[in-house]
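Hi,

Here is the structure I promised to pass on.

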Amino acid sequence: MANDSTTAAAPTRRAARPSRNRQRLTSLAGFLITLAVTFLGLLAITFFIGRIVPIDPVLAVVGDRAPVAVYERVRQEMGLDQPLITQFVSYVGDVVTGNFGTSVSTGKPVIEDLARVFPATLEMATLGIILGVLIGVPLGVFAAARRGSWLDQGIRVIGLLGYSVPAFWLGLVGLAIFYARLKWVGGPGRVDIFYDGMVSPVTGLILVDSIIAGEWEIFGNAVWHLILPASCLGFFSLAYIARMTRSFMLDQLSQEYVTTARVKGVPERLVIWRHAFRPIRVPLITVIGLSYAGLLEGSVMIETIFSWPGIGNYLTVALLNADMSAVLGSTLVIGAVFIGINKISDVLYRVLDPRAR
Amino acid sequence: MTTFRDWLIDDSPASPMQARLGRFYRIFGALMRNPLAVVGAVIILVLVLTALFAPWLATHDPLRQSLSERLLPPSAAHWMGTDELGRDIWSRVVYGSRITLAIVTLVAVLAAPAGLVIGVAAGYFGGWVDRILMGITDIFLSLPKLILALAFVAALGPGIENAIIAIAITSWPGYARVARAETLTFKNSEFISAVRLLGASSLRVNLGHVLPLCTSSMIVRVTLDMAGIILTAAGLGFIGLGAQPPLPEWGAMISRGRSFILDQWWVATMPGFAIILVSLGFCFLGDGLRDVLDPKSGEQR
């Protein structure tokens, strides 16, 4: 009997394996196609935005008193006489090879500017999400564990405030209170002017660079400056993460296995953290990913307030100067990172949660 | 009054009118039992009344400058103080409610029907129509809204009309998703098949039978989105791409107060409270409406 069952099971198992692999391959291919289409869509949108600008790009080069022949020649050189689809293809080619055009305000290639400013944003958003997760997850769990209590109500209101408070207002008020009145934190900028440019950029992340250079004083100063903008960003991710954690936890706590554990006499602390919290770690990863991507967006406003030399500040300066190459370049980079993080958390979810496979 | 109430909650209504009124009555009653929703509804009501009666509520002309009264702190004469041109901030906040209300209404009027039509078409026709429409929708959904709105306004040029268009362009995809999901649940139900058997055209089926069924989840979604729309509009105004001076738009007012935040905190802070209050109002109301109209979707959004 035992032999029979193994011989009967073996072929089916062998047959099942390639089909599962094929399934994985097709789902991987499907994923890559969606990713490519999404990026193409992003490019199509920035291309379209670049076309509807009411500024004639040729006139910007030749000036408005150029003769018609010169105008026509420049127009042809810029490829603007080609059909739209050809223009789009060459635009995609440019972007893929890293040619985002030249910024009018800085006079440098946009790609260089972006590489210079991006680490500052990354540093702020990363600290923001760390704060958001470290505070938001426990808050959400506690709110769910004490459903209906004043703590729960308070956390609900905080969660909704995250949707209602303008980021730039929070930054301004934070500056007025914690920098101007209480002098607990540093003011705008990444470090005091005195320290500016004293560590050579290796990674562009000033916290890492100052450790590499062994400049602990600068490291401290950078933390001092980073803490307020990162906390402002952290507030928004905290609000969102706490809200989602609470609702995931409420789902789990109403499940029968939780009741079983309670009936068996498992201490409430263990019921919450060992039984109910474990299964929500996977959906939480998606939430954290979404929130991280959202912080990159939120940093635009916060950076303006804190004169933070990141991509958000670069984008707003470019917006006000109608510097379209810089605007579209920043939009592309933020959009691509946003899509990337979203898709990665999507994949992680599928890999980690057996039900989603 | 009891008789009227009995007529409203009658289990076998005699006319569609009675059924509809009864439904509204029940929804209204359920909403009024949720304290946060009541708070939200009151805030929105106050917003609408403020916008309507702005000339009576404002103590000063919102645009009149008076340089001798620059940057005065809040007092009996100027409830929220004055700004750097001596304009009364309370009066400007009151008139600003008109701009905020206009922005959210116009965005809702532009984006919701667009999303509704696209979503219903995708859900009803299915196949390649669905694939193309939802492909475009998903691309828009996977992009950061604020950045996209910023880029569109940069291209269209600053101004409140362009800000409204840009926000509408970035908000329709959410509505399309909701409408498609709703349509898919109704598409194969028996009453739709019955209408089709009677020979109704797909236009008639959609306009007369599918669209009305999507409205309640659309209302929930639009209300929940209002806070985001207000914040985006204020952000555009703050950067200088939305409403232009001297319009008393709240975001632009905060931007003017930025230079005085350390000493004259009220210039930037007061309009911020208005934004928070109104956004919270929409969140509370939206949450309450969702619990009543769309209990399935729970906390997730």
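Let's start with a helix pair in chain B. Helix α3 (residues 35-52) and helix α12 (residues 266-293) of chain B pack at an angle of about 135°, and their axes are 7 Å apart. (Helices here are DSSP runs of H or I with at least four residues, strands are runs of E with at least two, and both are numbered from the N terminus. Axes are lines fitted to C-alpha atoms, for helices over the stretch in contact, and angles run from 0 to 180 degrees between N-to-C directions.) α3(B) and α12(B) are therefore oblique to each other; angles under 35 degrees count as roughly parallel, over 145 as roughly antiparallel, 65 to 115 as roughly perpendicular, and the rest as oblique. The crossing of α3(B) past α12(B) is left-handed, meaning that the near helix is turned anticlockwise from the far one by less than a right angle, while clockwise would be right-handed.

Which residues make this contact? On the α3(B) side they include L36(B), A37(B), V39(B) and G40(B), and on the α12(B) side they include L277(B), V278(B), L280(B) and G281(B). (Two residues are in contact if their C-beta atoms, placed from the backbone, lie within 7 Å.) By class, the residues of this contact divide into 14 nonpolar, three polar and one charged. Nonpolar covers Ala, Val, Leu, Ile, Met, Phe, Trp, Tyr, Cys and Pro, charged covers Asp, Glu, Lys and Arg, and the others, Gly among them, are polar.

Before going on, two things about the model itself. It is a predicted model, where local features need pLDDT of at least 70 and side-chain atom pairs count only at pLDDT 80 or more, while totals for chains, interfaces and linings use all residues. Residues are numbered from 1 along each chain as its sequence is written, and chains are lettered from A and ligands numbered from 1 in the order in which they are written.

Now chain B as a whole. It has twelve helices and zero strands, and its C-alpha atoms fill a box of roughly 75 × 55 × 30 Å along the principal axes. Chain B has 301 residues, and 44% of them count as buried. (Buried means 20 or more other C-beta atoms within 10 Å of a residue's own, exposed means 12 or fewer, and partly exposed is in between; C-beta atoms are placed from the backbone.) Among the contacts in chain B with a separation of 6 or more, 68% come from residues 24 or more positions apart.

Next, where the chains meet. The contact takes 38 residues from chain A and 39 residues from chain B. On the chain A side, the largest share, eight residues, comes from α13(A). That side of chain A divides into 28 nonpolar, nine polar and one charged. A151(B) is in contact with I49(A), V327(A), L328(A) and T331(A), leaving aside its neighbours within four places in sequence. A151(B) also turns up, with L150(B) and I230(B), among the residues with the most contacts inside the largest nonpolar core, which has 164 residues. (A nonpolar core is a set of buried Ala, Val, Leu, Ile, Met, Phe, Trp, Tyr and Cys residues joined through C-beta atoms within 7 Å.)

Chain A has helix pairs worth a look too. The axes of α7(A) and α9(A) (residues 216-253) come within 10 Å and cross at roughly 135°. That makes α7(A) oblique to α9(A), and their crossing is right-handed. Their contact has nine nonpolar, two polar and no charged residues.

How do α11(A) and α12(A) cross? Their axes come within 7 Å and cross at roughly 80°, which makes α11(A) roughly perpendicular to α12(A). This contact has two nonpolar, five polar and one charged residues.

Finally, two single residues. R350(A) lies in helix α13 of chain A and is partly exposed, with 16 other C-beta atoms within 10 Å. Is T203(A) buried or exposed? T203(A) has 12 C-beta neighbours inside 10 Å, so it counts as exposed. T203(A) lies in the loop between α7 and α8 (206-212) of chain A. Leaving aside neighbours within four places in sequence, T203(A) is in contact with P119(A), V208(A) and D209(A).

Cheers
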